[in-house]
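Subject: Structure for your attention

Dear colleague,

Please find below the structure that I am handing over to you. My findings are set out after it.

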Amino acid sequence: MKQPDYGIDAPRFDLTMFLLGAVTLASGLAVTLSSGLPGSELVTAVGLDLTGIGLLFVGVVYVYSSKVGKLRLREKVVGMIPWKGDEKVLDIGCGRGLLLIGAARHLVTGSAVGVDIWKWGDLTGNAPGAALENAKLEGVADRVTLKEGDASSLAFPDSTFDVVLSSLAIHNLKGEEARDRAIREAVRVLKPGGTLAIYDWGARRYSKVLTREGMTNVRLHEPIPLFLFFGRIVTARKPSSLSNV
Ligand SMILES: C[S@@+](CC[C@H](N)C(=O)[O-])C[C@H]1O[C@@H](n2cnc3c(N)ncnc32)[C@H](O)[C@@H]1O
């Protein structure tokens, strides 16, 4: 049976690691074979071999993080929400639907919206059709909607969603001001009493923005071991009395 496919993050970076790693390792082996390995040539050969192996290792771990680590990340992020089943959920930068679909699996009468600009360079096969196909394969297509839109200016009224999620998307916005704006947008569209969970490289900074925006229970979680995206999860709650300005 066909399995859902959530793609590989930053494919150009992965490809660069594999190509550079292969070329460096091959150069090291060539130096080894073409010399009798006296003194400095031995150091060069070993240096090239180790660098090549290191680069290939980064490429392999990156692919592993995309294909295996992110599924564990999804369980962790989605598991932080106290689901009732009737929530309205937003996944910002949903890509091929990783968190969107993970959340939709907890919904009974609720619904989940995925917003993205579907940039090709950020994820292999990145397209709304791929997210929809994954939603069908995971049996949640009836609870999922996709909408093209930019994280820094969400086309939803204030206080629309009970839950706002995002993974590895907001760091793609250029400049801290744009990323801070995206966090403020996430707060704006969240209903009072709603919960937010974001996994990203900038989680520490986002936690400060969330606190400044009046969110409560702002918590920066521990990094995930052996996951090469070096991000953290930040969770927060919008107090019932916090109104949008
Ligand atoms: C690395 S992918 C992660 C996708 C998905 N969240 C996941 O974890 O599998 C980053 C996603 O952010 C999206 N993205 C980049 N800039 C964006 C922006 N300004 N607004 C909305 N989405 C954006 C990309 O199109 C891509 O789908």
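This is a predicted model: local features need pLDDT of at least 70, side-chain atom pairs count only at pLDDT 80 or more; totals for chains, interfaces and linings use all residues.

Residues are numbered from 1 along each chain as its sequence is written.

Domains. The protein is divided into domain 1 (11–68) and domain 2 (72–237), with bounds that come from an automatic or database domain assignment. Their C-alpha centres lie 36 Å apart. The contact between them takes 5 residues from domain 1 and 5 residues from domain 2; two residues are in contact if their C-beta atoms, placed from the backbone, lie within 7 Å. On the side of domain 1 that touches domain 2, α2 (39–78) gives the most, with 3 residues. Helices (H or I, at least four residues) and strands (E, at least two) are DSSP runs, numbered from the N terminus.

Leaving aside neighbours within four places in sequence, V164 is in contact with L90, I92, A186, V189, L190, G194 and L196.

Helix α4. In α4 (residues 128–137), the buried residues are A130, A131, N134 and A135. A residue is buried if 20 or more other C-beta atoms lie within 10 Å of its own, exposed if 12 or fewer, and partly exposed in between, with C-beta atoms placed from the backbone. These four cover an arc of only 140° around the axis, so they are on the same side of α4; the arc is that of the directions from the helix axis to the C-beta atoms. They pack against α3, β2 (111–116) and β3.

Backbone. S159 has a positive phi of about 55° although it is not a glycine, and L168 likewise has a positive phi, near 50°. S159 counts as partly exposed because it has 17 C-beta neighbours inside 10 Å, whereas L168, with 23, counts as buried.

Ligand. There are 21 residues around the ligand, of which G93, G95, A151, A169 and N172 come nearest; a residue is near if its C-beta atom, placed from the backbone, lies within 6 Å.

Yours sincerely
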